[in-house]
Every structure is written in C-alpha cells, then in structure tokens.
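Biologist: I am new to this protein. Please show me the model, and then I will ask about it.

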Amino acid sequence: MAEIIKVHGSALSTATQRVLACLHEKELEFEFIPVNMAVGEHKKEPFLALNPFGQVPAFEQGDLKLFESRAITQYIAHGYTDKGIPLVIPGKQMATLSVWMEVEAHQFDPVASKLNWELLFKPMFGIPTDNAAVEENEAKLGKVLDIYESRLAQSKYLGGDVFTLADLHHLPNISGAMRTQVKKLFDSRPHVSAWVADITSRTAWAKVVAVNK
C-alpha cells in the first residue's frame, strides 16, 4: 500500500497552491491538513518539526518530510512519472525547463508576490497599499513580461511545446495578479495573454481555485 501524501498548508498561500496544483495534475490522492496562520500555528510545534523556517507548505510521505514548494513539486513530478501528465521533460530539454523554473523563482516571483501583497492581500487585511511600491514593481514586472513575450513567441509554453513545472509554478501569482490592475500587463502582450488564458483554464488549477470560493 502506497504511503499517504500529506500537505500541511493554507489554501490562501501561493506556495501551498503551487503544490496542490502539481498533485492535481499528477492525479494523486493526498490529505490536506490546514495550518491556521492567523493564530501562528506555522511558527509553533508541531509544524516547526516539519519546516523549521515556519513557512507553509510542508509535505509528508511516510518518513519523508519536505518543505519549499518548488522542491516538493519537483519530487512529485520526478517521482510519479507514470501518473497524470509528465510536468518534466527527459534529456537535454530538461535543462531549458530548469532555466525557466529558475526565472520564475528569481525574476517573476519576487515582483509578482510584492504586487499581490500590495494590491490583493493588504486590502484584504485592511492595510493601506504602498502606491510607490506598486509603481516600482509594475515597471519591473513589465520588463520581465517583455522577455516572456519574446520566449512565448517561440514556443507555446516556457519550457517548450508542452505544459511543465515551469508554467505551473507561475499559476498562483498569475491567478492573483489577474484580479488586480496588474492584469493589464499580461493582457497587453498577446503571447503572454494567450499563455495565461491557457494555463489558468486547466482542470487541475480549477480544483485549487475552487477551494477558496
């Protein structure tokens, strides 16, 4: 009998959503264990035994304990190649895929996360938006998306011709951004806009979104 996969996290957390999307794409059964971040459960035991940095999500499967969402998705994608869709590409193409996973983590995520914090989460928590930070990060994101537009003019997806982790990792922050004024930055770039429409309409992602409705 296969060991049960457990994901400890928050449905509002973009990092948690990244892992849930991956599990749904791989059509894997799992147990979701909510972590109440409002009362600081992620900063206390027993959660700290799973992730000493006190951040969601954490992943358990038998005696295997993982944290960092992108590490978890890569474990799932490489460990369950026979389930769902591949999400990774064998051979030399994996190098290109890895480049775009790094781009997401280091170029896209920092600015997109900052914008979602200012425009989506701060209003939710009754905190004033820093308009200067929004303006600065919109400019930064625009430059990143110019590069994406060029890349997506050459291939349907970031990692190549098929949907992979390089695309999936973007979903939580893109989904949030499309609910704010930042949507215009995606819509104004035709190849980026088509890519966003494609990846956000996936059945696996719809299951993640449905949890927060």
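The questions below go from the whole chain to single residues.

Biologist: How many helices and strands does the protein have, and in what order do they run?

Modeller: This is a predicted model. From the N terminus on, the elements run β-α-β-β-β-α-α-α-α-α-α-α-α. The count is nine helices and four strands.

Biologist: What radius of gyration does the protein have, against that of a compact globule?

Modeller: The C-alpha trace spans about 50 × 45 × 30 Å along its principal axes. For 213 residues, a compact globule would have a radius of gyration near 17 Å. The protein agrees with that, at 17 Å.

Biologist: What share of residues 90-213 is helix?

Modeller: UniProt, in an unreviewed entry, places the feature "domain: GST C-terminal" at residues 90-213. The end C-alpha atoms of this span lie 37 Å apart.

Biologist: Which residues of helix H8 are buried, and why do they line one face?

Modeller: Seen down the axis of H8, the buried residues fall within an arc of 100°, so they line one face of the helix. Their cover includes helices H4, H5, H6, H7 and H9. The buried residues are Val192, Trp195, Val196 and Ile199.

Biologist: Is Ser69 buried or exposed, and what is its relative accessible area?

Modeller: Ser69 lies in helix H2, residues 69-79. Beyond its neighbours within four places in sequence, Ser69 is in contact with Ala15, Arg18, Val19 and Pro57. Buried means under 20% relative accessible area. Ser69 is therefore buried, with a value of 5%.

Technical notes. Residues are numbered from 1 along each chain as its sequence is written. This is a predicted model: local features need pLDDT of at least 70, side-chain atom pairs count only at pLDDT 80 or more; totals for chains, interfaces and linings use all residues. Side-chain values use heavy atoms; hydrogens and water are left out. Buried means under 20% relative accessible area, exposed over 50%, partly exposed in between (1.4 Å probe, protein chains only). Helices (H or I, at least four residues) and strands (E, at least two) are DSSP runs, numbered from the N terminus. The arc is that of the directions from the helix axis to the C-beta atoms. Contact means heavy atoms within 4.5 Å. UniProt positions are given in the numbering used here, feature names are shortened, and annotations may be inferred rather than shown by experiment. The radius of gyration is taken over C-alpha atoms; the globule rule is 2.2 Å times the number of residues to the power 0.38.
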